[in-house]
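Here's a quick briefing on charged side chains that pair up. Have the sequence and the model open while you read.

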Amino acid sequence: MGGWRNWYQELVNSKPLFLTIYTTVIVGIVVSSFYVFSAVYSSSSPSTDSTNWLSSPPSLSYSSNINQAPNFSQRTMAMGTMQPPASLPQSTGIKPIWEVPKTKKMPPLKTFQLTKQLVEQRVKDNVIIMTFGNYAFTDFILTWVKHLTDLGLSNLLVGAMDTKLVKALYWKGVPVFDMGSHLSTVDVGWGSPTFHKMGREKAILIDSVLPFGYELLMCDTDMVWLKNPLPYLARYPDADILTSSDQVVPTVVDDRLDIWQQVGAAYNVGIFHWRPTESAKKLAKEWKEMLLSDDKIWDQNGFNDLIRRQLGPSVDGDSGLAYAYDGNLKLGVLPASIFCSGHTYFVQAMYQQLRLEPYAVHTTFQYAGTEGKRHRLREAMFFYDPPEYYDASEPPYLNHVLQAFLDFELLDVPHWFGGFLSFKPSIPKSLLLDGEHNVESHFSLINYQIKQIRTALAIASLLNRTLVMPPLWCRLDRLWFPHPGVLVGSLTRQPFICPLDHVFEVNIMLKELAPEEFGPGIRIREYSFFDNPSMPQQVKDSWLEVQLCQEGTGDCHASSNTTQPGVLRFPKHSSEETTREQQFKRRVKQYVGIWCCVDNHTPGHIYYDMYWDEKPDWKPLPPQTPEDDHPPW
């Protein structure tokens, strides 16, 4: 085995990268025959449309996923194809959610106006659950709705900020109302004027709904519900507002409210529950007026400024509630361990370490914009994608789907299995565990993985296959400010499986780049892709044997077409890599981001470099001058 490891070391050090790919295949055949899963989506496969795949909600179950990592046995939501419940609690005469309208003509927009009567139709136990967004977030909204209906909850409404979303949700059987915002249908960046407008709309919406007399559980679209929260909220009937927070240090170790005196982080307005009390309505009105008077105020900052105008004393000694705002409003802070932020769930797995069941996950504390949020939910298997997401035969892919495992732990050579391209990197124990957890050891670990991922990206590019990214191990957390590696007092373990957006610019990886400059695009999938119950069994059940052949002879060519049943012939060498190497380099150099941040230096971030190994003097240092502060490309 040591000989093979020496071979691999020579392989990853050789250049150019594309020339090493074929050597990898040659040695793999010498050691052992290996196989390729091949899945062909035939016309006989059950047809599904964009509505059907959502209207068959899966069962909910929590179980430890021990294959992820020794220290992070993340609980996952099974997503099978069970039929929906026979019925969900509905008001008389109201169609069940996901029931597609039988009419061919959509009612006029005025019928979708927000009224007390419309809300009353959906209310149950005097509670309405709401989110809102524009058409760009349709898939997030459908995921949000489906998680709730999977939990047996139907007392929900979605506010549409553009008419395109009104129509889309109506034809999918999702209860929707028109907010009349006429917002753009495209994605909005964090902090942009449109982003702030969405925040103002939230305050306007809450101020409009509370006078109806119903309790309002208000949610952002970039969160999902994993457990019915209504019984938990009902445990605190005296609370005017129960809010989530950005707290990253636990203040309790059970499911009680966080200790408000110890919550130093901001209250997060992505998940909060309002009761229609006079104090709550007064706050909603003042919050709305504040935001409308100054479009530069971020809605969350404004909420925190108002709620903290007066904070304390405790309402009593047991409930965990505190007086806030005007001295009369009763506030409770939802425990961050189970009403999770992007940090307490994806980085710390706080709920797991405290042996608790999470109620919600909000994709905060993340990078790479909306694409980063979507990818995190996919990694956790919480995002609902249509069937075609699992179908690699979609154009421009060939019918046969190729998945390669570079399993260095078992063989130190690649073997292939079909559908998509995937591999299991073997990381030396010394890189994971030895020595201190510091900037140097973190970058040594990450750089080792970057080289393997770079090779896999090259293979995926040559074979026109979708790369299933591996789990990514980190020794240090990533934040926006200087820190000692992990946040003091948090439950972050070192090392840990970190979200892909901690290192890679997921938004760039998914962005359409000009092929004449950057070569063909390389599609990616999340590391949990093949563990997802939505993955069709056909992809896993068929195998192809890979055979090496001499280029120029017979049917030997650089392709994943099969020339005989169950066999894939692949050339030992190819001239194709010489024309694509530079384009590939230009593409993947942009795929990596930054780590942040060291202390006592401005700027404090350090750029990852996809080709760090080609620079003999490369060290993990922040830019030394303003002129040096740019990506390494």
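A salt bridge here means a side-chain nitrogen of Lys or Arg within 4 Å of a carboxyl oxygen of Asp or Glu. Bear in mind that this is a predicted model, where local features need pLDDT of at least 70, side-chain atom pairs count only at pLDDT 80 or more, and totals for chains, interfaces and linings use all residues. Residues are numbered from 1 along each chain as its sequence is written, and side-chain values use heavy atoms, with hydrogens and water left out. Searching the whole structure turns up 22 salt bridges.

**A pair between two helices**
- D139 and R374 form a salt bridge, with their closest N and O atoms 2.8 Å apart.
- D139 sits in helix α4 (residues 138-150) and R374 in helix α12 (residues 369-379), so this pair ties together parts that are 235 residues apart in sequence. Helices here are DSSP runs of H or I, at least four residues, numbered from the N terminus.
- R374 counts as buried at 14% relative accessibility, while D139 is partly exposed at 24%. (Buried is under 20% relative accessible area, exposed is over 50%, and partly exposed is in between, using a 1.4 Å probe and protein chains only.)

**Two other pairs**
- D434 bridges to K429, the closest N and O atoms being 2.7 Å apart. K429 is exposed at 53%, and D434 is partly exposed at 34%.
- D125 and K124 also meet in a salt bridge, at 3.3 Å from N to O. D125 is exposed at 64%, whereas K124 is partly exposed at 35%.

**A network**
- Salt bridges link K202, D220 and D299 in a network.
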